[in-house]
Amino acid sequence: MSRNGFSSLESEFVRRHHNHEVAENQCSSALVKHIKASVPLGNLEIGSLREIDVKSGLPATTSTERLELLDDEEHKISIRIIGGDHRLRNYSSIISLHPETIEGRPGTLVIESFVVDVPDGNTRDETCYFVEALIKCNLKSLADVSERLAVQDRTEPIDRM
């Protein structure tokens, strides 16, 4: 493991795919999640908007995201939050998907990085910790749903005597 807790392969993916210009009043971080399922990107177009109803108990009820980048070859997307009733200003994230094998089955390494303004009255560490907690929750939900669907689609051989 590297100094930041990433394997050398994870660090290489972050270096190659997750470049953010971080201003003095912003924080940035990257998180990884290994999912025991292959995860397709879906049918999206650059400029697509997504309205989100926040149900996590956080101090927000809505968020509006715009798809900024979609690269099917690199399995990478970037989104920007453009509205909502929350304190995340100038939030941008990059999500990259990397096929891998987990326990002999197809899996996906998901890496999400972000950059966001630090709100008045908060520190960089507080802001990064808050956003990292949100992303960890979202990545866990993605893993739970994806792995449940993968198990439903999987047929195991049955040995008959």
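Biologist: Which residues of helix α1 (residues 8–17) are buried?

Modeller: In this predicted model, a residue counts as buried when its relative accessible area is under 20%. Within helix α1, four names are given as buried: Glu10, Phe13, Val14 and His17.

Biologist: Within what arc do the buried residues of α1 fall, seen down its axis?

Modeller: The buried residues of α1 line one face of the helix. The face turned away from this buried side carries the exposed residues Ser8 and Arg15. The buried residues line one face because, seen down the axis of α1, they fall within an arc of 100°.

Biologist: Against which strands do the buried residues of α1 pack?

Modeller: Packing is judged here by contact, that is, heavy atoms within 4.5 Å. By that test, the buried residues of α1 pack against β1, β4, β5 and β6.

Biologist: Which element supplies the largest share of the largest nonpolar core?

Modeller: The largest nonpolar core has 22 residues, and Tyr91, Phe114, Val116, Val131 and Ile135 touch the most other members. At least two residues of this core come from each of β1 (26–35), β4 (76–84), β5 (92–102), β6 and α2 (124–153). The largest share is six residues, and its source is α2.

Biologist: Which residues are included in the second, separate core?

Modeller: This second core is separate and consists of six residues. Among them are Phe6, Phe13, Ala30 and Ile111.

Biologist: How far from Glu112 is the nearest side chain of opposite charge?

Modeller: Glu112 lies in strand β6 (residues 105–117), and its contacts beyond four places in sequence include His18, Tyr91 and Ile135. Glu112 is buried yet has no salt bridge. A salt bridge would require a side-chain nitrogen of Lys or Arg within 4 Å of a carboxyl oxygen. The nearest side chain of opposite charge, Arg50, is away by 7.6 Å.

Biologist: Is Glu21 buried or exposed?

Modeller: Glu21 is found in the loop between α1 and β1. Leaving aside residues up to four places away in sequence, Glu21 touches Gln26 and Val115. Glu21 has a relative accessibility of 77%, so the residue counts as exposed.

Biologist: Over which residues does pLDDT stay under 50?

Modeller: The mean pLDDT of the protein chain is 83, and 86% of its residues reach 70 or more. Where pLDDT is low, the predicted coordinates should not be read in detail. One stretch stays under 50 and has zero contacts beyond four places in sequence: residues 157–161.

Key: Residues numbered from 1 in each chain as written. Predicted model: local features only at pLDDT ≥ 70, side-chain atom pairs only at ≥ 80, totals over all residues. Heavy atoms only, no water. Buried < 20%, exposed > 50% of the residue type's maximum accessible area, 1.4 Å probe, protein only. Lys, Arg positive; Asp, Glu negative; His and termini not counted. Core = buried A, V, L, I, M, F, W, Y, C linked by side-chain atoms within 4.5 Å. Arc of directions from axis to C-beta. pLDDT = per-residue confidence, 0-100.
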